[in-house]
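Trainee: Could you go through this model with me, starting from the overall picture and then the details?

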Amino acid sequence: MRRFSSFLAAAVGGLLAVAAARALPTAAQIETAFNALNASRSGAITPAEWDRASFALFRAADKNNDDFIDAAEAQASGIPQDTFLHADTDHDGRLSVGEFMELRRAIFRIADIDRSDTLDRVEYELLILMEQVGWVDSNHDGRIELSELRASLTKAFEQLDTDHDGKLSPAEAGYMPAGEFERFDTNHDGWLTLQEFIAGYRAALLGEPLPAGASTGSGRAK
Amino acid sequence: MKTRSVLALAAIMGLLAASQSALAATPKIDARAQALVAALQAVSPDPLGGRLGLAVAAANVPAIAKDSDRYQVATQTTRAEYERRAYIIWKSSQKS
């Protein structure tokens, strides 16, 4: 009976992980969204472009066009109740444009990991990943440090690795552009280990060269 | 007299044509905003950032860096009013 319970728990856990991984958009969808945000085609989303998109999202959520998002509109727009309650800083039971923009800008600031005041393609991709797995501000400085990013990436890797073999296939990492997968796969074995996954993002963010021929297998990142 | 009538008719036709093209342009602008929203919703179903947004909201991360004056305004009330006005201007730009 106990064995059956643990099997059931593992099966449910596996299904949840698959569901979570499947919820991730494809590389093409991320590219489309990035290009829609980056209307100037400068290669990085500016705060002004982010603001315009935020206004459009607010307008889409404000179904009755009264310039507020109430609890029902929030629910219909996919805003979780917890987020709604935190964002409603004056506790009047609805989100004003100011409250909505405050959180949207804070998200922009967090996603701007290299602190360049813009979001490039990699930062935007990480933002989408972190929307799925969350982030813990361990040192309470309101910024994503590399150690905190590593924790989030490890969580993302575990969710993406649906067959639990300790490495990602191109299909499991389907949210990544093919070129990025190949760049991160420094030993060119067609798989991404956790080490390659984290090292790839770190190099992309810091503009560092990738270490050639990283170890195979499911080695854990330092 | 006849020339004047023809000119008046031409002016009316011109005005009608201009108003028609203005009317046709309106849905194009709205359609662009709708396409943007659709593209964003395809990758982020929650406009407030999913689990990252929740973490940011719970941690009360400020939207403005202390060392940045990009959105610097005197008080929270002023900022809210600034946002509201900016939004209304944006909204009206979607209609004209």
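This is a predicted model: local features need pLDDT of at least 70, side-chain atom pairs count only at pLDDT 80 or more; totals for chains, interfaces and linings use all residues.

Trainee: How many helices and strands does chain A have?

Mentor: Chain A has ten helices and six strands, where helices (H or I, at least four residues) and strands (E, at least two) are DSSP runs numbered from the N terminus.

Trainee: And what share of chain A is buried?

Mentor: Of the 222 residues in chain A, 41% are buried; a residue is called buried if 20 or more other C-beta atoms lie within 10 Å of its own, exposed if 12 or fewer, and partly exposed in between, with C-beta atoms placed from the backbone.

Trainee: Which domains does chain A have?

Mentor: The assignment gives domain 1 (13–39 + 140–222) and domain 2 (47–117), with bounds that come from an automatic or database domain assignment. Seven residues from domain 1 of chain A and six residues from domain 2 of chain A form the contact, a contact being two residues whose C-beta atoms, placed from the backbone, lie within 7 Å.

Trainee: Switching to helix packing, at what angle do H3(A) and H6(A) pack?

Mentor: Helix H3 (residues 47–61) and helix H6 (residues 97–111) of chain A pack at about 135°, with their axes 10 Å apart; axes are lines fitted to C-alpha atoms, for helices over the stretch in contact, and angles run from 0 to 180 degrees between N-to-C directions. H3(A) and H6(A) are therefore oblique to each other, given that angles under 35 degrees count as roughly parallel, over 145 as roughly antiparallel, 65 to 115 as roughly perpendicular and the rest as oblique.

Trainee: Which residues meet there?

Mentor: From H3(A), A:Pro47, A:Trp50, A:Ser54 and A:Phe58 meet A:Val97, A:Phe100, A:Met101, A:Arg104 and A:Phe108 of H6(A). By class these are seven nonpolar, one polar and one charged, where Ala, Val, Leu, Ile, Met, Phe, Trp, Tyr, Cys and Pro count as nonpolar, Asp, Glu, Lys and Arg as charged, and the others, Gly among them, as polar.

Trainee: Is A:Arg115 buried or exposed?

Mentor: A:Arg115 is exposed, with 10 other C-beta atoms within 10 Å, whereas A:Asp117 counts as partly exposed, with 14 such neighbours inside 10 Å.

Trainee: Last topic: how many residues of chain B are in contact with chain A?

Mentor: In chain B, 36 residues are in contact with 45 residues of chain A. The elements of chain B that give two or more residues to that side are helix H1 (2–43), helix H2 (50–59) and helix H3 (76–93), and the largest share, ten residues, comes from H2(B). That side of chain B divides into 25 nonpolar, four polar and seven charged residues.

Note on methods:
Residues are numbered from 1 along each chain as its sequence is written. Chains are lettered from A and ligands numbered from 1 in the order in which they are written.
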